[in-house]
Amino acid sequence: MPSRRRFVQTAATLPLLSATQDLAAQTTDLPRERILPGLEIIRGSVNTALFERNGKKLLIDSGELDRVPGGVAEWALFTHHHPDQASAGARLAAAGTKMIVPAAERHFFENARAVWDAANERLDHDYNCRPDLVTLRDSFPVALAVKDGDVHIWQDLTFEVIATPGHTDGSVTYIVACNGKRIAFTGDLICAPGKIHDIYSLQKAFPGMTGGYWGFGGAVDDVKASLDRVLARKPDLLVPSHGIVIDRPAQAVVELKQNLDAVMENYLTTCAWRANHAGADEKGRPAMFDPPPPVAYPKWCRDITYTSKAIVADDRSVFLSDCGSERVVTELARLQSKGEIGKIEGLWITHYHDDHTQAVNLAKRRFGVPVYAQGGLVDVLEHPTAYELPALHPESIRVERPLKDRDSFEWKGFKMTAYDFPGQTLYHDGLLVERDGYKVFFCGDAFSSRSFSDVCSQNRNFSGRDAGIEKCCQILLETKPDILMSAHWGPLAMPDAYLKKFIAYLQAREMLYRKLFPYNDPNFGTDPYWIRAYPFRQQALPGATIEIEARVMNHGARPQKVRATLNLQQGWKAIRTSAELEIPPRTEGRMRLSALAPSAISRRRYVLGLSAAVDRQPLGEVSAAIVDLMTA
């Protein structure tokens, strides 16, 4: 599940956490900011509103606040179902708090177990990519589910409900008039003037799309429309789930809409799904780059079918790139039977997506072909369910020839060099093939005819000179291939002028991200898995020791101290459930955690949570790990 991160620049207002203190123990000692008489903001993993009136208490969102200062809250209202918003909900409900949730998201609160039990339907071969599995692990009873236009009256205060989809499809905003001020509790629609918490939560199909995989920023228009609905109620203050209390709502929203529009205009100029639509369309989208001139296959390359391309040696033996469909295997067998090709001697995999890998094991069985892949991809291929990624083929693929970045080898008169090539996805490689002074770069899905394919946030596309598509462009400028071999597009011309223009757009986008996000590095706002549990899915016997690593990518330029805590479900026993590590800049740190699974099976699937604090700032429950208990 995508992690729920928070590096708000107002960190001075947030709680300190010593190296020996447990995060959960801090819930009653968090900083509290008085907004108005009878209203405080408790600053934990989220901004929790605490209303006190006539000896009664009401909360809006809870974070990990499982104990309310001074007693039990009578009501808790939730803006949306993400665990950093509501992970304490079950404990609050057990203490007697009555819960109000958005009607459109009621099932996430009341039926959390059913959501996770059906998770494989979303995780295997997922092209929807709306991050709905950023959700609670434990259900709690719902006293009231509210929709747009509803009101909740409590202690002479009237809480109006506005449907404000965007960050999630069912998010709501609560507006209340209190002490002469109209206050809007907006969830994660906005976090500060001009800024938003993240953009990966906005992955959603654009109108007319069949799946959200291509929908980077697809919910941006929802966010903008929801903010307009909030402003129409003329609030004096906006209280976001993450960030600062905003006292000039209209100006803050104008700045955010401008920043969102600037990012999306930049993005849509280079977006691969638009490559079939030249120029601005009826929606007024910006024009794309002009397509480069067409080029042909060299005589030693041929298209097989689907996403597969072949290098054919003089003796007709074949080195294959990708194998995502049974019809690739069928076509290879047909060509062999006709004598057009000989033995299949190698299979290079560009990236893990199922349309490139689904028939790899079939090809291995049929032809005895060894698999080649660059090192950063190997673990995803061999242990796919350890990752939560889109378009994931869950069948393990053994890599017989793992290669390091820039490793070269010879095959039948061809020089082949492997590259870490994090284009369409972080887990992507490239292969430079050279013969007789001619260079072909097999680029997988990184590039199309006049664009690049960073279409899905869940693929983990990073910004920076040595990251993401910009790194790919720099590699191509360095290696100067004659053509690119794109898996879906075939041979492409990619002149230096194009690559430099791409780089200019990417560098401009990075600066736009810096205006849009409240973080010291924009990748914290674009990477949904910068904190993740590894493995994401595993199977075990009852009573087994379960090990899970908290893997934390420090995208920033400074070291960061991270404390990770493994949250267990009923029946589990702690072994090592907390660890702390200082992580160097631009580095992924790893902390090993462990627990003892229940010895008796009362349910098959358990979901363990991962909470984190970064530089003593609590983030709440940021990730999850699925453990399926099996009978012997």
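Me: Which residues lie nearest the centre of the largest pocket, and how many line it?

Reply: First, the idea: on a 1 Å grid over the protein atoms alone, a pocket is an open set of points where a 1.4 Å probe fits, with protein on both sides within 12 Å along at least five of seven lines, and lining residues have an atom within 4 Å of a point. Here 28 residues line the largest pocket, and D420, L426, F462, M553 and R586 lie nearest its centre. This is a predicted model, where local features need pLDDT of at least 70 and side-chain atom pairs pLDDT 80 or more, while totals for linings use all residues. Residues are numbered from 1 along each chain, and side-chain values use heavy atoms, without hydrogens or water.

Me: Which element gives the most to that lining?

Reply: Helices (H or I, at least four residues) are DSSP runs, as are strands (E, at least two), numbered from the N terminus. In this model α11 gives the most, with 3 residues.

Me: Which residues of α11 are buried?

Reply: Buried means under 20% relative accessible area, using a 1.4 Å probe and protein chains only. In α11 these are L377, V378, V380 and L381. They pack against α9, β17, β18 and β21, where contact means heavy atoms within 4.5 Å.

Me: How do the residues of the largest pocket's lining divide?

Reply: Ala, Val, Leu, Ile, Met, Phe, Trp, Tyr, Cys and Pro count as nonpolar, Asp, Glu, Lys and Arg as charged, and the others as polar. The largest pocket's lining has 7 nonpolar, 7 polar and 14 charged residues. For the second largest pocket, the lining has 11 nonpolar, 8 polar and 2 charged.

Definitions and conventions. Buried < 20%, exposed > 50% of the residue type's maximum accessible area, 1.4 Å probe, protein only.
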